[in-house]
Amino acid sequence: MRSFFALVSVSLASLAMQASASCIYGTTLHRRQTDVPVSSYTFGGTTGPINWAGLKPEYRECALGHNQSPINFNQSIPFATEIPQINIPSTSFAEFLNIGSTVQVFINGTTMFGGKTYHLIQYHFHTPSEHRIENEYYPLEMHMVHEADDGAHVVVGVLFQLSDFGLTTDFVRQTIVNIDGIREPGTRNVTGYLDFSELVEAFQSAPIYQYTGSLTTPPCTEGITFLTLAYPMVLDVASYNLLKSVMKFNARYIQNAPGEQNLLQISAREISEL
Ligand SMILES: *[C@@H]1O[C@H](CO)[C@@H](O)[C@H](O)[C@H]1NC(C)=O
Ligand SMILES: *[C@@H]1O[C@H](CO)[C@@H](O)[C@H](O)[C@H]1NC(C)=O
Ligand SMILES: *[C@@H]1O[C@H](CO)[C@@H](O)[C@H](O)[C@H]1NC(C)=O
Ligand SMILES: [Zn+2]
């Protein structure tokens, strides 16, 4: 009995000390801190997406929300009728962190969309992609997390496809030049020189899926506008393998269509009838 209580209090203490880093780290939902935070949830088993809502009361939206992300993009998901105006100054380097659930870069920039200015705070990656296009997944997805002064969030998303010709997107390759320095969660290093003109050009010319969803990691907060490029950008095999070796699997399963009941609620009801 005593050892049981000792075990419980130790694990509660370690949970309390761990700030739960997520896809929203650095915004007002989870303010930037001096130490690199490490997430307490995972992408498999009892701390994985099936049970995120069971980990903390603040995560209940993960199992109850009706507008959760990621989703499968099909013809029911509209294209944005306006081109987001993305402006990201190039920079000689930026801070590069391993927060356990992903690797992330703190960066400055703005996106103007719907008459509002959103401040770019960070970008991070998921492998494989979280969103799918007509049920096809991609090897990598990037999320550029923006916040407006009124607290509204936009995630600018890009899927990446491996190039048959050894081509790549330069800012991804430059982002990870020091990835060997952040193999351990909770560590930091710096990127190489970053220039986002390829990304800005891609958003000028390709269709962009627009929908309102959620953070794809706990606390699964809803009301997030996703603007996802409908065509993948290219990635070289070596960069993909490096990112994958550090991030491991970090993609949530696709959720029900926007507005439909949460898949976990549907599952719980059907299992209770077995
Ligand atoms: C898109 O997917 C949703 C969810 O599976 C489905 O309800 C809808 O009918 C699909 N739309 C098209 C045009 O296939
Ligand atoms: C972003 O802006 C902040 C505040 O001006 C500055 O301290 C930081 O170095 C900038 N980051 C980059 C990557 O330029
Ligand atoms: C960054 O990582 C490189 C390895 O890629 C390492 O040599 C360097 O010492 C690291 N720098 C910092 C500040 O951790
Ligand atoms: Zn993300």
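Mentor: Let us begin with ligand 1, around which lie N74, Q75, S76 and A257. Please bear in mind that this is a predicted model.

Trainee: What makes the approach of N74 to ligand 1 a polar contact?

Mentor: A polar side-chain atom of N74 lies 2.3 Å from an oxygen atom of ligand 1. The cut-off for a pair of N or O atoms is 3.5 Å, so the pair qualifies. S76 also qualifies, because one of its polar side-chain atoms is 2.6 Å from a nitrogen atom of ligand 1. As for cover, ligand 1 has 360 Å² of accessible area on its own, and the protein covers 36% of that.

Trainee: Which atoms coordinate the zinc ion (ligand 4)?

Mentor: The zinc ion (ligand 4) is coordinated by SG of C23, NE2 of H124, NE2 of H126 and ND1 of H143, at 2.0 to 2.5 Å. Donors must lie within 2.8 Å of this metal, so these atoms count as donors. Along the chain, their spacing is C-x100-H-x1-H-x16-H.

Trainee: Why is the arrangement around the zinc ion (ligand 4) called irregular?

Mentor: The four donor atoms subtend angles of 85 to 159°.

Trainee: What do C23 and H126 tie together?

Mentor: C23 lies in the loop between α1 (2–17) and α2 (52–55), whereas H126 belongs to strand β5, so the pair ties together parts that are 103 residues apart in sequence.

Trainee: How do you know whether C23 is buried or exposed?

Mentor: Its relative accessibility is 6%. Buried means under 20%, so C23 is buried. H126, with a relative accessible area of 0%, is buried on the grounds of that cut-off too.

Trainee: What makes β7 a mostly covered strand?

Mentor: In β7 (residues 140–148), nine of the nine residues are buried. L140, M142, M144, H146 and A148 are on one side, with E141, H143, V145 and E147 on the other, and both faces are covered.

Trainee: How do you know that β7 pairs with β5 (residues 116–126)?

Mentor: Pairing requires at least two bridges, and β5 and β7 have eight in the antiparallel sense, so they pair.

Conventions
Residues are numbered from 1 along each chain as its sequence is written. Chains are lettered from A and ligands numbered from 1 in the order in which they are written. This is a predicted model: local features need pLDDT of at least 70, side-chain atom pairs count only at pLDDT 80 or more; totals for chains, interfaces and linings use all residues. Side-chain values use heavy atoms; hydrogens and water are left out. Buried means under 20% relative accessible area, exposed over 50%, partly exposed in between (1.4 Å probe, protein chains only). Helices (H or I, at least four residues) and strands (E, at least two) are DSSP runs, numbered from the N terminus. Donors are N, O and S atoms within 2.8 Å of the metal (3.2 Å for Na, K and Ca); water is not among the atoms, so sites may look incomplete. Four donors count as tetrahedral if all angles lie between 85 and 135 degrees; four count as square planar and six as octahedral if opposite donors are over 155 degrees apart and all others between 65 and 115; anything else is irregular. A residue is near a molecule or strand if one of its heavy atoms lies within 4 Å of it. A polar contact is a pair of N or O atoms within 3.5 Å; within protein, one must be able to donate a hydrogen and the other to accept it, and residues adjacent in sequence count only if both atoms are side-chain atoms. Accessible areas come from the Shrake-Rupley method with a 1.4 Å probe; for residues, only the protein chains shown count as cover.
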